[in-house]
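This briefing goes through sheet architecture and overall chain dimensions. Please keep the model open while reading.

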Number of protein chains: 2
Amino acid sequence: MQLVNGQPVSHVSVQDRSVLYGHGVFETVLVVARQPRLWNRHIDRLTRGCIALGLPFDANALEQDVRRLCQDSELDNFVLRINQTMGEGGRGYANPETPTGNRIVSIHETPNHDQALWRDGINLGVCELRLSSQPALAGIKHNNRLEQILARASWQAGWHEALLLDQNERVIEATQSNLFLVMDDGLLVTPDLSRCGVAGVMRDYILTEVASQLELHSETRDVSLEDVNNATELFVSNSVIGVWPVKQWETTRYHNHPVTHQILSYLTEHEVISPN
Amino acid sequence: MQLVNGQPVSHVSVQDRSVLYGHGVFETVLVVARQPRLWNRHIDRLTRGCIALGLPFDANALEQDVRRLCQDSELDNFVLRINQTMGEGGRGYANPETPTGNRIVSIHETPNHDQALWRDGINLGVCELRLSSQPALAGIKHNNRLEQILARASWQAGWHEALLLDQNERVIEATQSNLFLVMDDGLLVTPDLSRCGVAGVMRDYILTEVASQLELHSETRDVSLEDVNNATELFVSNSVIGVWPVKQWETTRYHNHPVTHQILSYLTEHEVISPN
């Protein structure tokens, strides 16, 4: 079930610049009880991405599409994928003078993960691929995702997520989620994303809302593998899963995840994710 | 006029991974007198790119598509654009187990550039954006082109092309072409592309065929702005234009381009580009 510019079609032109060059931005939004969660934060990030990449964007039209899909869906809980593309036109890499864009919204089943991943945690690997640094694109959830695809294809059996480092061995994020460290003084640390990485909406929510509500101090800064090894808890976050504690990282096994579970409870209580 | 998997349609699914993630590779092929030029080299690069990115690719089916379009086209001379995508499927960044792919071939008018660009040369600018380094993707003509789009959007009035440097101030390429320097001892130098940049088919042809035929020594190595400033000639290359000499670079004006014009004559005589 999907809408393209408000119409129930399932295709775009082969000359859309998203097909040609990955010229677009996207959002993955969790819908619980037909209500999109963290909606304003998703819209804010989408808007910033569209401005940075010169993409047309009609927030009102998108809200209408989303309202309609949430009403008409056969499911109460699902994942919405929003993709705003540049549309057709332009010559080679030169942008069209008056971009038309394509606004794509589609419904997908919520991934059916084992409940144990929230309770006991995940096995966290580390990818060999090193992320490239590009401040002009850092933070944006844009459609140029070949690095993530290569990284994902390299996962070893048994991994539930895997860390991505940059070419200076800084820890940046995980393949499809952001990383948080809980240090032994209780400080919450998450990597700085000014050179690469995707600034997740859930990461942002944890930093600006959950941490202060739970009276956790937080810091965004460069993170080394040594920092990761020194953390007393690790967890990953994204809009669909909320947070997953890390059970196994390299040779370290984490038996308790009190801070992660405190955050998870907050997310569930505030209906930001579906209760597990 | 275009074919998708051999069928005369003009669209792909909004869930094709090229739309979602720029998961594809492309070629821009010059066709003169209904014959694709440097065809084997284009096929070779496409094949290498498909292997690197896990894309399905049927070279025989592509040959059939191209033969058909070259026969049926209303134009004798045109540009073919080939796009091999991953197709639908997979979960998030994880590749589908049995990728179907979409093979897109479309016909476009040859750009109508002023003949003076080949004769007198171009104004070459330099972009502020610095290319990111990613050895896993370097050289491949893949569909993740946001850097080139941002760079192209930053061109100043009067520029015909613009240099792109990496984050260590190495000169890599131009926005939509490769760069060659002619040094005062006659040596032909072009930047090493093992960290970033697109390894152009015309660049490859010049290095492996034209240079030896014209008894020009050539070298692929790291290039600095100082090297560029010390060159006696500069030119850019791609499959559609062949080569363009540089007339103006920063404060330097080049009045003569003997080596560039020698290469240009070779390309024209060997019908690799259309005679100008």
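How many bridges join strand β3 of chain A to strand β5 of chain A? Eight bridges link β3 (residues 24-32) to β5 (residues 78-85), and the two strands run antiparallel. The model is predicted: local features need pLDDT of at least 70, side-chain atom pairs count only at pLDDT 80 or more, and totals for chains, interfaces and linings use all residues. Residues are numbered from 1 along each chain as its sequence is written, chains are lettered from A and ligands numbered from 1 in the order in which they are written, and side-chain values use heavy atoms, with hydrogens and water left out.

**Terms for the sheets**

- Helices (H or I, at least four residues) and strands (E, at least two) are DSSP runs numbered from the N terminus.
- Two strands pair if DSSP finds at least two bridges between them.
- Strands of a sheet pair through backbone hydrogen bonds, either parallel or antiparallel.

**Sheet in chain A**

- An open sheet of chain A consists of five strands in the order β1-β6-β5-β3-β4, with antiparallel pairing.
- In chain A, β1 (2-4) and β4 (35-36) are at the edges with a single partner strand each, so one side of each has no neighbour in the sheet.
- Leu30(A) has Val79(A) in β5(A) as its bridge partner.
- Helix α2 (residues 39-53) of chain A packs on the sheet and touches β3, β4 and β5 of chain A (contact means heavy atoms within 4.5 Å).
- The direction of this helix makes about 175° with that of β3(A); axes are lines fitted to C-alpha atoms, for helices over the stretch in contact, and angles run from 0 to 180 degrees between N-to-C directions.

**Sheet in chain B**

- Chain B has an open sheet of five strands, ordered β1-β6-β5-β3-β4 and paired antiparallel.
- Its edge strands, β1 (2-4) and β4 (35-36) of chain B, each pair on one side only.
- Seven bridges connect β5 (residues 78-85) of chain B with β6 (residues 102-108) of chain B, and these strands run antiparallel.
- Asn83(B) has Ile104(B) in β6(B) as its bridge partner.
- Helix α3 (residues 59-72) of chain B packs on the sheet, touching β1, β3 (24-32), β4, β5 and β6 of chain B, at about 20° to the direction of β6(B).

**Chain A as a whole**

- Chain A contains eight helices and 16 strands.
- Its radius of gyration is 19 Å, close to the 19 Å that the globule rule gives for 276 residues, so chain A is as compact as a globular protein of that length (taken over C-alpha atoms; the rule is 2.2 Å times the number of residues to the power 0.38).
- The C-alpha trace of chain A spans about 55 × 40 × 35 Å along its principal axes.
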